[in-house]
Amino acid sequence: MQMAYTSHLFLRGNENRPSYVGLNDDDAALIKTLGFTPKSYPAETVIVSQGEDNDRIFIVESGWGCISHELADGQRQILDFALRGDTVLPQAYAGSALETFVAQTELSVLVASTKTFTLAAMKSPHLFSLIIETLVHRGAFVAQHLTNVGRRSALARTSHLFLELRARLERVGAVTRDSYECPLTQYDLADALGITPLHVNRVLRNLRERKLLEFRQGHVRVLDQPGLAKLAGFEPGYIES
């Protein structure tokens, strides 16, 4: 199986008093017995390396993570970004992780054994449902990202990515007046969108000149959301469900 990742909000609350969404009191108590350990990683730390053995599940408390597939020639395809509240469930095929999970920024997570979490899910219908929802959301995200790279124009796929990030960040209160912080470089965007950094630069200039979106110094400002959504063919149902 591949690394499952989702924007389904599993964790809410603050770092001292987290709450677990969609679970009853017994399930929440069960979660707390699973041995989730708080851990912080500096930016650019490789948390799970493609090809290595891994038996950990991560819940993002703060920061940005990056999930990618590494190629033999050193290139990579970014598959998704892990944001606050996301569950990252690295699973292996024949004992090896199929993707790499990296801290894009300083990243705080809760970590537990996948095996322990799975055994607990067998005792809790709500927790089992959470795992199923994680996999369903993952499929929806993969479908959108595959369509982005395979069929949408560079302008549309870039717009779609920024709108998706905005919708996901808005759910955790990280959007202010159509603006949000985005720690991605043009090289990161190129690896996520399947185009060159130079092409990314041209697309960003085009979006800015059309007064649809600005991306400057790690800050995204959506200037015309309806216009940007129309250009991207963006429908947020796969995020909001």
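How many bridges join E6 to strand E9 (residues 87–89), and in which sense do the two strands run? The model is predicted, so local features were considered only at pLDDT of at least 70 and side-chain atom pairs only at pLDDT 80 or more, whereas totals for chains, interfaces and linings use all residues. Residues are numbered from 1 along each chain as its sequence is written, and side-chain values rest on heavy atoms, with hydrogens and water left out.

The answer is that E6 and E9 are joined by 2 bridges and run antiparallel. Strands (E, at least two residues) and helices (H or I, at least four) are DSSP runs numbered from the N terminus, and two strands count as paired if DSSP finds at least two bridges between them. Within this pair, Ile59 has Thr87 of E9 as its bridge partner. E6 also pairs with strand E13 (residues 107–113), again in the antiparallel sense, over 6 bridges. Here Ile57 stands opposite Ala112 in E13. Strand E6 itself, residues 56–62, is mostly covered, with 5 of its 7 residues buried. Buried denotes a relative accessible area under 20%, exposed one over 50%, and partly exposed the range in between (1.4 Å probe, protein chains only).

An open sheet is formed by 4 strands in the order E5-E12-E7-E8, with antiparallel pairing. Strand E5 (46–48) and strand E8 (76–82) each have a single partner strand and stand at the edges, so one side of each lacks a neighbour in the sheet. From one strand to the next, the twist averages 35°, where axes are lines fitted to C-alpha atoms, for helices over the stretch in contact, and angles between N-to-C directions run from 0 to 180 degrees. E5 is joined to strand E12 (residues 100–103) by 2 bridges, and the two run antiparallel. In this pair, Val46 is opposite Val102 of E12.

The UniProt record, an unreviewed entry, places the feature "domain: Cyclic nucleotide-binding" at residues 38–63. UniProt positions are given in the numbering used here, feature names are shortened, and annotations may be inferred rather than shown by experiment. Residues 38–63 are 54% strand and 0% helix, and the end C-alpha atoms of the span lie 13 Å apart.

Helix H3 (residues 125–150) contains 26 residues and reaches 37 Å from its first C-alpha to its last, close to the 38 Å expected at 1.5 Å a residue. The expected span is 1.5 Å times one less than the number of residues. Buried residues in H3 include Leu127, Leu130, Ile131, Thr134, Phe141 and His145. An α-helix has 3.6 residues a turn, so residues three or four places apart point the same way.

With a relative accessible area of 22%, Glu214 is partly exposed. Leaving aside neighbours within four places in sequence, Glu214 is in contact (heavy atoms within 4.5 Å) with Arg208, His219, Val220, Arg221 and Leu223. Gly227, in helix H7 (residues 225–232), is also partly exposed, at 23% relative accessibility. The C-alpha atoms of Gly227 and Lys211 are separated by 9.3 Å, the two residues being 16 residues apart along the chain.

The predictor's confidence in each residue is expressed as pLDDT, from 0 to 100. The protein chain averages a pLDDT of 86, and 85% of the residues score at least 70. Over residues 4–9, pLDDT stays under 50, and the model has 31 contacts beyond four places in sequence for them.
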